[in-house]
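Here is a short briefing on one chain. Look through the sequence and the model, then read the points below.

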Amino acid sequence: MKLDRTSMLYGTLILTGTSIVSQFLGFVYRILLSRLIGAEVMGLYQLIMPVFSVIMALTAVGLTVAVSNLSSQYHARGNRAAIAQVLRRCLAVFLLLFAAVAAVVVLLYDPISVYLLGDARTQLGLLLLLPCILLTGVENLHKHFFYGTGNIRPPAAVELCEQFIRTGAVLVVFLPQNPERTVGLIVTGMILCELFSAVTLLLLARRHLNRAGGLTGAPLEHRQLNRRIASIAVPIGLTSLLGNLMGSATSVLIPQRLVHAGAEVSEAMSAFGVLCGMTLPMLCLPTAFIGALGLVLVPKLAEGAALGQRGLVQHRVDRSMLATSVLILPAMAFLVVLGPTLGAALFREPTVGRSILPLSVGVLLSCYQSVLASALNGVGRPGAAARNSILCGVVQLGCTFFLMGLPGVGLKGYVAGFLASAALGVLLNWWAVRRATGLRAQIFQWCTAPALSALLMGLVINLLFQVLRRAGLEALPAALACLLFGGVLYLAALQAQGIHLRRLFRLC
């Protein structure tokens, strides 16, 4: 069967494959990096990443969504001149916003590192983040131009090359340094790979727009263009900013609240590094599909909603929810059973698998939440997705602050907040999606059948792994054997309950 290159399935498959390889390379990078620098320095590195997220939210996130949505609309109408206008205007606005934010960071980097992040050793990494953010913003604007026009392959290829460059830039030339310089070296590696991606995508976008035929269509009036961009970028950007501020506050609070509960500073930073730099990335490795699906789902739903095709919108959301369950549930079951063993073997850190069961449930719920949020953005309800995201962030932040400071609770307070916020997000987003689309929940197909199949797989591979280990097989080969056997068992269990995988390939 030959796939239509403009279809939702084709785009999702290409981006999923790219994301899987990219996340695998990133995971290998984290493994090697954690072995080189240790849990404490990994915690310092994780401490500056919320600053990256906040500045990106303030300067670029809303604009990238505007580029994707408007490019998709004008591409459907054949107005390439308007697409070029949108891209240029969003790029100019991003550069102005970045210049203002960068000036503030340069002036206040010392109090930011000491009083907000709580560790002066983050100063060098904080300053080096600025060129990295500039390049990332330019990259993402051009990347979403390609997504909006349905041209998936250029950004996919660049993403893979970026991961190889990032790994090589840090690991090949890595030299032992003090913690502050080590964090700076990691960020320098990020700058090198972002430089490649930004320049490559910029040149490819210009070539694409200037190809034979020129910029067909009528350009937009400047005020109309500004209003259209602002109507998308401002609410999404503000929402992303608020959400990232709360997420950043949560990340910064984790080591501080651990210290408040009685832990030593180095112990708290190590625990933070293990949680956010090892355990959660391992659990999020199978979620590459969700990001790819969201990038394709938003413009496709926007197109269907604009044409008044309610049935097609419902079909796409239904297939997306089914695909999420079928792919993520068995992955979480596998990691719950074998994650602690794999984490200890890969990261050489025995505490990697701590609280993995509740964390895996939280990751699963966050996948549903993400897909439903993409659906809301696609059908023109970004305000609902924004409100729900903020409420979830408040819940996570509150649990982190109040629970983690209690003696004897520690990281369990963060895990409780992670679960509670993800569950709340699923409920609120589903309620909004149902109101917007009229779609009814398919509980058996979306949840019951995949969950029962994943539970059976988890129980069987748990027993199989113990048998193989007692027979003398090493941990990694035994885990691989369990993965293969468990995958076949899971598919058979799905088939027995009437869930056929070919239904997923009707995602149009």
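**Briefing: a predicted helical chain**

Leu 406 sits in the loop between α11 (382-404) and α12 (411-437). Helices here are DSSP runs of H or I with at least four residues, strands are E runs of at least two, and numbering starts at the N terminus. The model is predicted: local features need pLDDT of at least 70, side-chain atom pairs count only at pLDDT 80 or more, and totals for chains, interfaces and linings use all residues. Residues are numbered from 1 along each chain as its sequence is written, and side-chain values use heavy atoms, with hydrogens and water left out.

**Overall build**
- The chain has 14 helices and zero strands.
- Of its 508 residues, 53% count as buried. Buried means under 20% relative accessible area, exposed means over 50%, and partly exposed lies in between (1.4 Å probe, protein chains only).
- The chain exposes about 22,000 Å², and carbon and sulfur atoms supply 67% of that area. Accessible areas come from the Shrake-Rupley method with a 1.4 Å probe; for residues, only the protein chains shown count as cover.
- Among contacts with a separation of 6 or more, 83% join residues 24 or more positions apart. Contact means heavy atoms within 4.5 Å.

**Nonpolar surface patch**
- Leu 406 is partly exposed because its relative accessibility is 40%.
- Leu 406 forms a nonpolar surface patch with Phe 401, Phe 402 and Leu 403. Together they have about 370 Å² of accessible area.
- Patch residues have over 30% relative accessible area and no salt bridge; like charges are joined within 9 Å, nonpolar side chains (Val, Leu, Ile, Met, Phe, Trp, Tyr) within 5 Å. A salt bridge is a side-chain nitrogen of Lys or Arg within 4 Å of a carboxyl oxygen of Asp or Glu.

**Helix α10 and Gln 369**
- Gln 369 lies in α10 (residues 356-378).
- Gln 369 counts as buried because its relative accessibility is 16%.
- Beyond its neighbours within four places in sequence, Gln 369 contacts Cys 392, Ser 421, Ala 422, Gly 425, Val 426 and Asn 429.
- Cys 392 is buried too, at a relative accessible area of 4%.

**Glycines**
- Gly 398 lies in helix α11 and is partly exposed at 23% relative accessible area.
- The C-alpha atoms of Gly 398 and Gly 417 are separated by 7.7 Å, with the residues 19 apart along the chain.

**Cysteines**
- The disulfide count is zero, where a disulfide is a pair of cysteine sulfur atoms within 2.5 Å.
- The closest cysteine sulfur to that of Cys 284 is in Cys 367, at 7.3 Å, so the two are too far apart for a bond.
- Cys 284 is partly exposed, at 31% relative accessibility.
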